[in-house]
Amino acid sequence: MKTIRELLKVKGNPKVHCVSTEDTVFDAVTCMVENNIGSVLVMEDDQIKGIMSERDYLRFITALGRTARDTPVTELMTAKVIYLTPSTSLDNAMAIMTESRIRHIPILEEGQLLGIVSIGDLVKQISADREIHIKTLTQYISDAYPG
């Protein structure tokens, strides 16, 4: 079974986009739009203080009636950040993200940020793994029962 570590290798080492606790909601949204991503980590002194996603912003727009330029990201971010370790299996990662209803999750090892994984990354990799498995089984059956 594949792990998050293997997924990160396949994914490469893309930059994890972050904003600071001093930034505004507007800064965070701008970062997401410019980088075509769905979330940003909120950092302070190399420590994760929260995560803000597109979904958080949509709730903000709907509920608060405030402006993104005047609202600190710390008022909108999710402060209790769920994370995974590189040894987490892809199936367990999918279960955790589905149960927690989150679409982006940071990967930490001994307190060090290694990357961030989206639910889309997981679905893509799990689908590719299953396709390879199906092809292997089909070939095995074809070889065992020719013609």
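Student: Which residues gather in a patch of negative charge on the surface?
Tutor: A patch takes residues with over 30% relative accessible area and no salt bridge, joining like charges within 9 Å and nonpolar side chains within 5 Å. Asp and Glu count as negative, and a charge is placed at CG of Asp or CD of Glu. The residues of this patch are Glu22, Glu44, Asp45 and Asp46.

Student: What kind of model is this?
Tutor: Residues are numbered from 1 along each chain as its sequence is written, and side-chain values use heavy atoms, without hydrogens or water. Local features need pLDDT of at least 70 and side-chain atom pairs pLDDT 80 or more, while totals for chains, interfaces and linings use all residues, for the model is predicted.

Student: Is Glu44 buried, partly exposed or exposed?
Tutor: Glu44, one of the residues of the negative patch, lies in strand 2. Buried means under 20% relative accessible area and exposed over 50%, with partly exposed in between (1.4 Å probe). The value for Glu44 is 35%, so this residue is partly exposed.

Student: What pattern does the protein follow along the sequence?
Tutor: The protein has 5 helices and 5 strands. Read along the sequence, the pattern is α-β-α-β-β-α-α-β-β-α.

Student: What share of the residues counts as buried?
Tutor: The protein has 147 residues. Helix 2 contributes buried residues, including Val25 and Ala28, and helix 4 does too, with Leu90 among them. For the protein, the buried share is 35%.

Student: How do the buried residues of helix 2 lie around its axis, and what is their arc?
Tutor: In helix 2, Val25, Ala28, Val29, Cys31 and Met32 are buried. They line one face of the helix, because, seen down its axis, they fall within an arc (of the directions from the axis to the C-beta atoms) of 155 degrees.

Student: Which exposed residues are carried by the face of helix 2 turned away from its buried side?
Tutor: The buried side of helix 2 includes Cys31 and Met32. The face turned away from that side carries the exposed residues Val33 and Glu34.

Student: Within what arc do the buried residues of helix 4 fall?
Tutor: Helix 4 covers residues 90-100, and its buried residues are Leu90, Ala93, Met94 and Met97. Seen down the axis, they line one face of the helix, because they fall within an arc of 100 degrees.

Student: How many salt bridges does the structure hold?
Tutor: A salt bridge is a side-chain nitrogen of Lys or Arg within 4 Å of a carboxyl oxygen of Asp or Glu. One of these pairs is Arg5 with Glu109. The number in the structure is 3.

Student: How many residues apart are Arg5 and Glu109?
Tutor: The side chains of Arg5 and Glu109 meet in a salt bridge at 3.2 Å, N to O. The pair links distant parts of the chain, with Arg5 in helix 1 (residues 4-11) and Glu109 in strand 4. Arg5 is partly exposed at 36%, and Glu109 is partly exposed at 31%. Their separation in the chain is 104 residues.

Student: Which residue forms a salt bridge with Lys11?
Tutor: Lys11 is partly exposed, at 30% relative accessibility. The closest N and O atoms of its salt bridge are 2.7 Å apart, and the partner is Asp121. The pair links distant parts of the chain, 110 residues apart, from Lys11 in helix 1 to helix 5 (residues 119-144), the place of Asp121.

Student: What is the phi of Asn36?
Tutor: Most residues other than glycine have a negative phi. Asn36 lies in the loop between helix 2 (25-35) and strand 2 (39-44), and Asn36 is exposed, at 72%. Although Asn36 is not a glycine, its phi is positive, at about 50 degrees.

Conventions:
Helix = DSSP H or I, 4+ residues; strand = E, 2+ residues; numbered from the N terminus. Areas by Shrake-Rupley, 256 points an atom, 1.4 Å probe, with all protein chains shown as cover.
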